[in-house]
Amino acid sequence: MAPTMNRLHPLSAVTYALQYGFLWLWIPVVLLIVLAGAFDPISGAWVPFAAPFGFLAGVAYGIAYYYRFGYEVTDDTVDVSSGVFARRSREIPYGRIQNVDIRQGVLQRLLDLAIVSIETAGGGASEATLNFVSEAEATRLQREIRRRTAAARERRRAGKAGAEAAGVDTESENESKNENEADDTASDADADSSSTPAPTDASRQPDSRERRDQRDRDQGQPDERDQREQDDLWDHPLESGSGSDLESDPESSLGSEPSPDTDRACAPDSESAAEVGSEAGHDRIGPQPADAVDNNAYDTVDEFDDGAGFDEHDDGDEFDEFGQPQKQPLFDLQARELLLYSFTSIRAAAVAGVLFVFFLGTDLVFDYLVTVAQPVGGPEDLGTGTPTNYGILTIVSLINGIVITYVLSVAYTFATYYDFRLGRVDEDFVYERGLLQRYSGSIPAEKVQSVTVTDNPLQRLIGYAGLWVETAGYGPESNGGSQSAVPLAEKARVYTFTENLTGVETPKFEQLPKLARRRYLARYSIIAGVIVAIAFGITQVTVLERWYLAAVVFVAVPPAAHLRYVNLGYYVGEDHLVVRRGFWKRQTTVIPYYRIQTVSTRRSIFQRRLGLASLVIDTASSRTMVRGTPTIYDEELGDARDVHGECRERLQTALRERAESDDLGVSVDFT
Amino acid sequence: MESLHPRIRLLWIAQAAILAIILGIVLAAIDPWLLEIPTAAQVGVVVVGIALGLAYAVRLYQVWQFELQPDALYLERGVITFVETAVPFVRVQHVDTQFGPIERALGLSSVVVYTAGSRNADVRIPGLTPDRARELQDTLRDLAVESEADDAV
């Protein structure tokens with residue numbers, strides 16, 4: 001520890017000593033009890049001697065901990081060193097500090113003590129906790145850190161302003177570097193997507209138009225690869241329909257509305273939004289009339305339009321004509337959508353509920369199941385019956401369980417999303433929902449990390465999808481995670497919303513190599529083999545005999561592998577990466593490059609053998625367990641590495657661009 | 001690319017050995033109670049555990065590499081699953097140097113880089129000499145301070 005480091009308040013030595021004393025007291029006690037049971041020479045009667053020894057050791061450790069704990073406020077960072085045997089020295093740059101909290105309990109108030117905790121973005125716990133310092137020191141620290149954080153920000157602003165002139169240089173350099181790379185890439189699609197960074201201002205738009213035209217020409221070629229990609233567009237049939245729809249749509253008039261609020265939300269997005277001509281609100285930013293941009297943007301899609309227009313559009317009744325500071329409705333879940341959502345989604349909570357009831361009243365449940373099964377040939381009671389009786393009982397019970405779970409799930413979803421309303425207040429999304437209990441919450445637009453379109457097989461069948469936004473936690477109370485922005489709507493609308501919200505262009509999904517499918521075939525075959533083996537094991541210990549019947553599961557292997565394979569895809573866009581995965585709960589996640597935290601290329605031993613790799617793109621939002629980290633599974637190693645490099649490069653470009661404008665990243669008015 | 005200090009292998013072997021020995025003690029403890037486990041099997045488990053740990057440590061040392069690239073800290077590691085990770089400097093939240101008791105005895109230290117992400121949120125570079133760790137921490141801190149992003153997430 002550097003000699004200049006500050007110590008905590010001396011009273012904390014006492015509390016640490018007592019804390020560790022009482023904690024460590026238990027170590028020898030538990031150890032003795034366990035070991036006494038296992039080894040003869042050790043006796044439980046030693047506990048009275050061992051406990052005080054543990055206590056004393058804990059006290060010594062607590063005191064040592066106090067002496068080995070130091071903190072310091074330096075020019076660039078807050079430093080904290082701690083640990084007796086294992087040491088940790090932490091440096092937290094001021095620019096990363098989110099807040100400095102001071103907490104005081106009753107006792108601490110009496111003794112003029114306080115706990116200071118320093119938080120940065122990400123991570124659950126506080127990054128540094130000073131437990132305790134004197135009240136005066138706490139206030140001094142808080143003020144000092146705030147002052148230095150402000151100073152650091154000031155310096156950065158100044159530096160940025162100075163660099164701006166030089167910035168042009170670096171940018172063009174970057175551009176040429178990108179172009180070189182594009183030459184290297186083999187495929188058309190790659191060359192397209194990596195050709196240049198997005199234009200930074202409206203004046204460069206003709207440029208981007210040219211590029212788009214170029215892309216259109218490329219697509220005109222009867223290339224097998226393009227054909228395949230077309231099939232994999234967002235969901236091609238409806239895109240252009242909705243696009244042309246919007247021209248006559250009342251909403252597109254919003255674009256010309258001189259609302260200062262909308263302006264703020266949309267304008268920073270200009271580089272992506274205007275280029276893509278991303279429907280409604282953005283077009284006016286560009287120099288050309290809205291229609292021109294729209295047509296231009298949708299040329300791409302028109303080529304594979306099957307003419308299935310989508311007419312039943314949101315009637316736009318949710319909009320005030322002017323951006324007012326109070327809440328503006330963005331999306332209301334209609335009765336039809338609510339019902340469809342309830343009937344097409346299965347909630348884990350319902351499954352858990354059924355299991356809970358089952359364990360709570362096992363006897364009652366069995367009675368009920370037996371009673372229901374009796375008329376169709378079930379056993380008289382649980383004790384008597386032939387194998388056939390039991391078989392019928394099992395099947396009836398299974399059906400019962402599924403039906404009840406489903407009904408519960410429908411009811412749960414209905415009650416949860418009843419009268420769902422999404423609106424905006426300034427730059428926050430606000431939602432409310434619920435039948436019995438109303439929930440409401442807000443999602444700050446600037447905290448949105450990524451946007452995910454989800455659908456399950458049923459919803460795909462009826463052409464619906466949901467839209468979720470993932471946010472990062474940003475304070476002690478808020479929980480980051482996934483919030484439903486649009487629980488369920490026709491997928492064309494959802495895709496349009498997604499494009500408006502993020503400014504992403506219509507993605508043309510890359511398919512993964514066929515080898516990937518082979519891999520899933522092998523993987524699922526192994527799983528099927530395990531199931532058969534388990535069946536065989538069961539026949540060995542029960543009256544059941546025909547274990548080979550379980551081999552039926554192998555029939556499911558090829559379709560399962562194929563379905564997993566066809567639902568994987570990704571698209572490297574101008575400003576976003578789009579990753580799609582999953583069959584049962586398909587997720588299509590749009591990640592802006594500037595939200596990327598880390599990129600990892602992972603290769604298991606099996607993947608290495610096949611020359612495949614998975615690319616994991618981490619953002620600050622994926623902390624929830626429900627949604628896995630966006631991953632491109634089983635791409636060819638070379639391509640995976642290209643995307644890896646691309647993500648890194650575009651993160652830097654995007655950050656530079658964002659530094660120049662006051663970009664919010666998402667458009668709040670997306671419906 | 002920079003490799004780790006060769007002594008890191010000792011740390012990994014020691015960790016594997018400790019695990020194997022704990023497993024051995026657990027086996028010895030359940031021996032008379034739950035089921036008979038011959039002493040030879042108990043010893044065998046410990047020996048195999050240590051041997052696996054040894055092979056793993058040697059291989060892991062061979063593949064572990066890191067580098068400070070212009071925009072990011074880049075790492076390669078992994079025996080079963082080989083992982084190449086890039087941590088952009090602009091995403092570095094804070095940097096630790098850490099060492100545990102075994103590391104201290106071996107004269108080694110680790111640098112841990114934290115991001116606001118969810119997976120790989122803390123990236124550890126083990127097996128550095130204390131001087132190198134200190135130096136790397138300073139470099140990373142400077143790079144992080146230099147490349148501050150406006151969006152603090």
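Begin with the lining of the second largest pocket of this predicted model, which by class has 16 nonpolar, eleven polar and five charged residues. Here Ala, Val, Leu, Ile, Met, Phe, Trp, Tyr, Cys and Pro count as nonpolar, Asp, Glu, Lys and Arg as charged, and the others, Gly among them, as polar. A pocket is an open set of points on a 1 Å grid over the protein atoms alone, where a 1.4 Å probe fits, with protein on both sides within 12 Å along at least five of seven lines; lining residues have an atom within 4 Å of a point. Its space is about 860 Å³, the volume filled by probe spheres set on the points.

Select Tyr341(A), Arg347(A), Tyr417(A), Trp468(A) and Lys585(A), the closest to the pocket centre of its 32 lining residues. Next, colour strand E13 (481–490) of chain A, which gives the largest share of the lining, five residues. Helices (H or I, at least four residues) and strands (E, at least two) are DSSP runs, numbered from the N terminus.

Then select H13 (335–344) and H16 (387–417) of chain A. Leu338(A), Leu339(A), Tyr341(A), Ser342(A) and Phe343(A) of H13(A) meet residues of H16(A) that include Tyr406(A) and Tyr417(A), contact meaning heavy atoms within 4.5 Å.

Residues are numbered from 1 along each chain as its sequence is written, and chains are lettered from A and ligands numbered from 1 in the order written. Local features need pLDDT of at least 70, side-chain atom pairs count only at pLDDT 80 or more, and totals for chains, interfaces and linings use all residues, while side-chain values use heavy atoms, leaving out hydrogens and water.

Methods. Axes fitted to C-alpha atoms, helices over the stretch in contact; angles between N-to-C directions.
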